[in-house]
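Here is a quick tour of one chain, meant to be read with the structure open beside you. Have a look around first, and then we'll go through the contacts.

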Amino acid sequence: HAAREGARAASVGEPAAASARATPGLEPGRLAVHQGGGGTAGALVTVSVAYRAATEVPLVGGLLGDVTVRADITMRVEGPT
């Protein structure tokens, strides 16, 4: 969901990272956001996110460490109609 929020923001000219980090339920400090492409109306913009999720399994969670989940979303940049 964070990747989609970031891509949607980037497609209308807003900062992708700020929108992705504002996703409810995520700790902003554990989220890395990268934006590529974009620029002119009709171009494609891709937002990639990586989130380090803590493993909170009783007894073995400390042995497993954090898990990184990733997502990429591409949208077309909007422009005047």
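Which residue forms a salt bridge with Arg-8? That would be Glu-78, with the closest N and O atoms 2.4 Å apart. Keep in mind that this is a predicted model. The pair ties together distant parts of the chain: Arg-8 belongs to helix 1, Glu-78 lies in the segment after strand 3 (67-76), and 70 residues separate them. Neither end is hidden away: Glu-78 is partly exposed at 45% relative accessible area, and Arg-8 is partly exposed at 31%.

The structure has five salt bridges in total. Three of them, including the one above, are set out here.

| Pair | Closest N to O distance |
|---|---|
| Glu-78 and Arg-8 | 2.4 Å |
| Arg-30 and Glu-27 | 3.5 Å |

As for accessibility, Arg-52 is partly exposed at 38%, Asp-66 is partly exposed at 38%, and Glu-27 is partly exposed at 48%.

**Strands and the hairpin**

Strand 1 (residues 31-37) runs antiparallel to strand 2, and the two pair over seven bridges. At one of these positions, Leu-31 has Tyr-51 of strand 2 as its bridge partner. The hairpin they make has six residues between the strands, and Gly-38 takes a positive phi near 85 degrees there.

**The core**

Leu-31 turns up again in the largest nonpolar core, which has 13 residues. Which members touch the most others? They are Ala-10, Ala-20, Leu-31, Val-47 and Val-49. Helix 1 (2-11), helix 2 (16-21) and strand 2 (44-53) are the elements that give two or more residues to this core.

What does Leu-31 contact once its neighbours within four places in sequence are left aside? The list is Ala-2, Ala-20, Arg-21, Val-49, Ala-50 and Tyr-51.

Technical notes
Residues are numbered from 1 along each chain as its sequence is written. This is a predicted model: local features need pLDDT of at least 70, side-chain atom pairs count only at pLDDT 80 or more; totals for chains, interfaces and linings use all residues. Side-chain values use heavy atoms; hydrogens and water are left out. A nonpolar core is a set of buried Ala, Val, Leu, Ile, Met, Phe, Trp, Tyr and Cys residues joined through side-chain atoms within 4.5 Å. Buried means under 20% relative accessible area, exposed over 50%, partly exposed in between (1.4 Å probe, protein chains only). Helices (H or I, at least four residues) and strands (E, at least two) are DSSP runs, numbered from the N terminus. Contact means heavy atoms within 4.5 Å. A salt bridge is a side-chain nitrogen of Lys or Arg within 4 Å of a carboxyl oxygen of Asp or Glu. Two strands pair if DSSP finds at least two bridges between them.
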